[in-house]
Amino acid sequence: MIKAIPFDFPYDGRLVPQHTALLVIDLQEDFLSPTGYFARKGYDPTPLRAILPAVNRLIEAARATGLTIVHTRQGYRADMADMTPYEKWRRKRAGLDGTDILLRSSPGFQIVADIEVRPEDVVVDKTCNGAFTYTDLELVLRARGITHLLFTGCTTDVCVHTTLREACDRNFQCLTIADACASGDQKAHDAALHMVTVEDGVFGALTNSEAVITALSRLANAAN
């Protein structure tokens, strides 16, 4: 089991690598680059980049243990045909008209080079904050027999938390890894993490990367 709060994960003590996936949410240039969307909105991407070493260690441990690695990317079609009038209004209001920011045709849509994406990894492209909305993520997870999800990425309070809530409503067992998630708003980050633990774990459990790596290493050693 993985040491966590308000309970050790998973609740029944049965962590099976073949039924577990590590979600790496939206670690893209548009969010982590000093010239990307996030920076243009006035946020400091430094806290987001700071989690990259922890995420890489988690990916390495997950690969060694046989977990599925799922990366998500957020962005709209190049022709913006999937953008609603409200989203176009917000885009104009943010001063992004005429730019390729948050478009799938842009360099900013790509996952940062610091994160290794292998051919066997799953990549899910999304337009919404939640990775289950209008995507095939659930289909992929169900087809692979995935029942348990480990959450990393950005931002804690928006895309990570939205996807976490969607996953809980779909009866996946969820674990959020606090030091492998980040936000440009520290108060929002802290609140989002706190919300995981309320009501005896209404959105699953909360832990840190070292606890996950330790548990996965034990599983890998036991398999060998």
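These are my notebook entries on what I looked up in the structure above.

**Ground rules.** I am working with a predicted model, in which local features need pLDDT of at least 70 and side-chain atom pairs count only at pLDDT 80 or more, while totals for chains, interfaces and linings use all residues. Residues are numbered from 1 along each chain as its sequence is written, and side-chain values use heavy atoms, with hydrogens and water left out.

**Aromatic pairs.** I began with the rings and found that the structure holds four aromatic pairs, where rings of Phe, Tyr and Trp (its six-membered ring) pair if their centres lie within 6.5 Å, and planes under 30 degrees apart count as stacked, over 60 as edge-to-face and the rest as tilted. One of these is the stacked pair of Phe38 and Tyr43, with 4.8 Å centre to centre and 20 degrees between the planes. I then looked up accessibility, for which buried means under 20% relative accessible area, exposed over 50% and partly exposed in between (1.4 Å probe, protein chains only). Phe38 is buried at 7%, whereas Tyr43 is partly exposed at 37%.

The rings of Tyr86 and Trp89 are also stacked, because their centres are 5.9 Å apart and their planes stand at 25 degrees. I located both residues in helix H5 (residues 85–93), three residues apart, which is about one turn of the helix; helices (H or I, at least four residues) and strands (E, at least two) are DSSP runs, numbered from the N terminus. Tyr86 counts as exposed, at 53% relative accessibility. Arg90 is in helix H5 as well, and I noted it as partly exposed at 43%.

**Helices H4 and H9.** I next looked up helix H4 (residues 52–65) and helix H9 (residues 209–223), which pack at an angle of about 20 degrees with their axes 9 Å apart; axes are lines fitted to C-alpha atoms, for helices over the stretch in contact, and angles run from 0 to 180 degrees between N-to-C directions. H4 and H9 are therefore roughly parallel to each other, the cut-offs being under 35 degrees for roughly parallel, over 145 for roughly antiparallel, 65 to 115 for roughly perpendicular and the rest for oblique. Their contact (heavy atoms within 4.5 Å) includes Ala54 and Leu58 of H4 and Val212 and Leu216 of H9.

**Helices H7 and H8.** Helix H7 (residues 156–169) and helix H8 (residues 186–201) pack at about 20 degrees with their axes 9 Å apart, so I recorded H7 and H8 as roughly parallel too. Among the residues that meet are His161 and Leu164 in H7 and Ala192 and Val196 in H8.

**Thr176.** I found Thr176 in strand S5 (residues 173–182), where it counts as buried at 2% relative accessibility. Leaving out residues up to four places away in sequence, Thr176 touches several residues, including Phe151, Leu164, Leu193 and Val196.

**Backbone.** Most residues other than glycine have a negative phi, and most peptide bonds are trans. Thr155 lies in the loop between strand S4 (148–154) and H7. Phi of Tyr134 is near 60 degrees, a positive value, and I found this residue exposed at 76% relative accessibility.
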